[in-house]
Amino acid sequence: MADHAHKLEILRGLIKFKSNTQKIWGVLILLTIVTAVEVILGIYKPESLMASFLGMKILNWIFIILTIVKAYYITWDFMHMRDETKSLRRVVVWTAVFLICYLIFILLLEGGYVFDVYKEGFVKTDF
């Protein structure tokens, strides 16, 4: 860690706490609210969010974005990435970004191949 004092704020200093215990409860409440929004949207599935945007329903985009927000806060606060040095944060983030991009590439490539096999039968790929 860069220094041994944990920052007692969330949302870029918008909400400040007096102790680590208060901060843990604050982050837990924030994550609970985000999860509750996801569950409510999943149960009711508003018709206005069922339209398609970039090949997927808007509701699914909202789920993906809220999941990324939760993952960010869990990593940032509970895994103490905020208190690490800038270089370590960059190494962790850029490695994850690279692996996620690679996973998306592999899934799209293999998904396209499987689609072609179902559509046209056997497909021979010459690399």
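Leaving aside neighbours within four places in sequence, which residues is Val 27 in contact with? I looked this up before anything else. Val 27 touches Ile 10, Asp 77 and Phe 78. Contact here means heavy atoms within 4.5 Å.

**Entry: ground rules**
I am working with a predicted model, where local features need pLDDT of at least 70, side-chain atom pairs count only at pLDDT 80 or more, and totals for chains, interfaces and linings use all residues. Residues are numbered from 1 along each chain as its sequence is written, and side-chain values use heavy atoms, with hydrogens and water left out.

**Entry: the fold**
I listed the elements. The chain has 3 helices and 4 strands. Their order from the N terminus is β-β-α-β-β-α-α. Helices (H or I, at least four residues) and strands (E, at least two) are DSSP runs, numbered from the N terminus.

**Entry: overall dimensions**
I checked the radius of gyration, which is taken over C-alpha atoms. The chain has 20 Å, while a compact globule of 127 residues would have a value near 14 Å. The globule rule is 2.2 Å times the number of residues to the power 0.38. I also noted the span of the C-alpha trace along its principal axes, about 65 × 40 × 20 Å.

**Entry: surface and burial**
I found that buried residues make up 16% of the 127 in the chain. Buried means under 20% relative accessible area, exposed over 50%, and partly exposed in between (1.4 Å probe, protein chains only). The chain exposes about 10,100 Å², and carbon and sulfur atoms supply 71% of that. These areas come from the Shrake-Rupley method with a 1.4 Å probe; for residues, only the protein chains shown count as cover.

**Entry: the core**
I went back to Val 27. It belongs to the largest nonpolar core, together with Ile 10, Phe 17, Leu 31 and Tyr 73. That makes 5 residues in all. Such a core is a set of buried Ala, Val, Leu, Ile, Met, Phe, Trp, Tyr and Cys residues joined through side-chain atoms within 4.5 Å.

**Entry: Lys 70**
Is Lys 70 buried or exposed? I read 18% relative accessibility, so Lys 70 counts as buried. Lys 70 lies in helix α2, residues 58-78. Leaving aside neighbours within four places in sequence, I see Lys 70 in contact with Leu 31, Val 34, Thr 35 and Glu 38. Ile 29 is in helix α1. At 49%, Ile 29 counts as partly exposed. The C-alpha atoms of Ile 29 and Lys 70 are separated by 12 Å, and the two are 41 residues apart along the chain.

**Entry: two loop residues**
I looked at Lys 45 next. Lys 45 sits in the loop between α1 (20-44) and β3 (52-53). Its phi is near 45°, a positive value in a residue other than glycine. Lys 45 is partly exposed, with a relative accessible area of 44%.

Then I turned to Leu 54. This residue is in the loop between β3 and β4 (56-57). Leu 54 is exposed, at 68% relative accessible area. From Leu 54 to Lys 16 I noted 38 Å, C-alpha to C-alpha, and 38 residues in sequence.
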